[in-house]
Amino acid sequence: MQAPDYIFQATADGSISLLEPSLQELYHNRQGAYTEALMNYAAPTLALLALPSVKVSCFRLLDSCFGLGYNSLTCFDSLLSFRKEGSAAGIKGFSIKALDIDYKLCQTSLPLVLRQPCFKQIASLSWLTGQSFQPGITFDHTHDDLHFQSTFSECDLRHYLKNERKDTFDVIYHDPFSPRKVTELWTLEVFAAYKQRLQPAGSILTYSSAPAIRGALRQLGFHVYRTAAVGGKSGGTLACLQDLQDYLPKLANVIMPLSEEEERRLRTTSGLPYRDPELSLTGEEIRIARLKEQGQIKDG
Ligand SMILES: C[S@@+](CC[C@H](N)C(=O)[O-])C[C@H]1O[C@@H](n2cnc3c(N)ncnc32)[C@H](O)[C@@H]1O
């Protein structure tokens, strides 16, 4: 499938992804764009919402690198399935703040994404279309007693974090390209800015399992867990403001403690976070400063 400027590619579960030509990176896990959205984002979110300690009636989600929209759409689809089974009835509202630097991508890909079999349930909702995500326009619809709201902001994530401080969220999805390539979006300061916007039992979910990312989240006081592995990858990360220790047996296979090996790596210099005090440095400046801190290169 091909659209102007974008190179679509099928992933192993049949769902479509895109190739980012300058970074030579796929937008999703090769094992499946949909599978990744389900395992690393939607399933842990629904598991958290079902916890007795989490009392959310209007669920607010920030999807900070919205891209083709898989993570938000899969979450909404899973929530509808839960409600059909009689769960999550206490949730009366679902709001998505979608943010991405590239609105044209979203506009081009959402109709294609929604047409896939994995989104059969939500594609049957005639009111949910690509038009539900338009820059600067708040979209509202009530469906089966559930109030759905979405807004799209076309902007750079660091610009948003520096300039928009009033929104708060229950869960934040963090899905930029990889830390090694887009380091400026993976710093301790980005996660600190998220923390300021989280509700008291709020969480951050990301596909990355890099020690530098988990180290940053731990330094900020989050409880850090692992989400299920997709393909050869070692699982993503859930950073939670509440301690889930007592719930872990119930959350098995969806949210898990870090392994001993993962804990050991966090205690080495691999666990040192990337730093960007003013949210203004280039990725290269951030990587070099961390290498110096790790003692891998000398000053000067
Ligand atoms: C890995 S893809 C996200 C995939 C997406 N979550 C999905 O479900 O399809 C990374 C996204 O980050 C966006 N992006 C790149 N730089 C950004 C920035 N500085 N601020 C916000 N978004 C950015 C890209 O446009 C791209 O859509």
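Which residue has an N or O atom in its side chain 2.7 Å from an oxygen atom of the ligand? The residue is His 28. The points below start from this contact and then move to other parts of the chain.

1. Basis of the note. This is a predicted model, in which local features need pLDDT of at least 70 and side-chain atom pairs count only at pLDDT 80 or more, while totals for chains, interfaces and linings use all residues. Residues are numbered from 1 along each chain as its sequence is written, and side-chain values use heavy atoms, with hydrogens and water left out.

2. The ligand and its shell. The ligand is surrounded by 20 residues, where a residue is near a molecule if one of its heavy atoms lies within 4 Å of it. The closest are His 28, Cys 65, Asp 100, Asp 156 and Asp 175. By type, the shell holds 12 nonpolar, 4 polar and 4 charged residues. In this count Ala, Val, Leu, Ile, Met, Phe, Trp, Tyr, Cys and Pro are nonpolar, Asp, Glu, Lys and Arg are charged, and the others, Gly among them, are polar.

3. A polar backbone atom of Tyr 70 lies 3.1 Å from an oxygen atom of the ligand. Taken alone, the ligand exposes 600 Å², and the protein buries 93% of that (accessible areas come from the Shrake-Rupley method with a 1.4 Å probe; for residues, only the protein chains shown count as cover). Two or more shell residues come from each of α2 (70-84) and β6 (93-100). Helices (H or I, at least four residues) and strands (E, at least two) are DSSP runs, numbered from the N terminus.

4. Buried or exposed: which describes Pro 211? Pro 211 is buried, at a relative accessible area of 12%; buried means under 20%, exposed over 50%, and partly exposed in between (1.4 Å probe, protein chains only). Pro 211 belongs to helix α7 (residues 211-219). Because 7 of the 9 residues of α7 are buried, the helix is largely enclosed by the rest of the structure. The cover over its buried residues includes α6 (188-197), β10 (198-206) and α10 (283-293). Pro 211 itself touches Arg 265, Leu 266, Ser 270 and Gly 271, leaving aside residues up to four places away in sequence; contact means heavy atoms within 4.5 Å. The C-alpha atoms of Pro 211 and Leu 272 are 7.5 Å apart, although 61 residues separate them along the chain. Just after α7, Gly 221 has a positive phi of about 95°.

5. Thr 206. This residue lies in strand β10 and is buried, with a relative accessible area of 1%. Its side chain reaches two backbone atoms: the oxygen of His 174 at 2.9 Å and the nitrogen of Ser 208 at 3.4 Å. Among the residues that Thr 206 touches are Tyr 41, Trp 186 and Thr 237.

6. Asp 170. Strand β9 (residues 169-174) contains Asp 170, which is buried at 10% relative accessible area. A polar atom of the Asp 170 side chain lies 2.7 Å from the backbone nitrogen of Arg 60. The contacts of Asp 170 also include Val 56, Cys 58, Phe 59 and Leu 198.

7. Cysteines. How many disulfides does a search of the whole structure find? The search finds 0, a disulfide being a pair of cysteine sulfur atoms within 2.5 Å. For Cys 58, the nearest cysteine sulfur is that of Cys 75, 13 Å away. Cys 58 is partly exposed, at 37% relative accessibility. The sulfur of Cys 106 is too far for a bond, because the closest cysteine sulfur, in Cys 65, is 13 Å from it. Cys 106 is buried, with a relative accessible area of 1%.

8. Asp 144 is exposed at 61% relative accessibility, and Asp 145 is exposed at 51%.

Technical notes: Polar contact = N/O pair within 3.5 Å; in protein donor to acceptor, adjacent residues only side chain to side chain.
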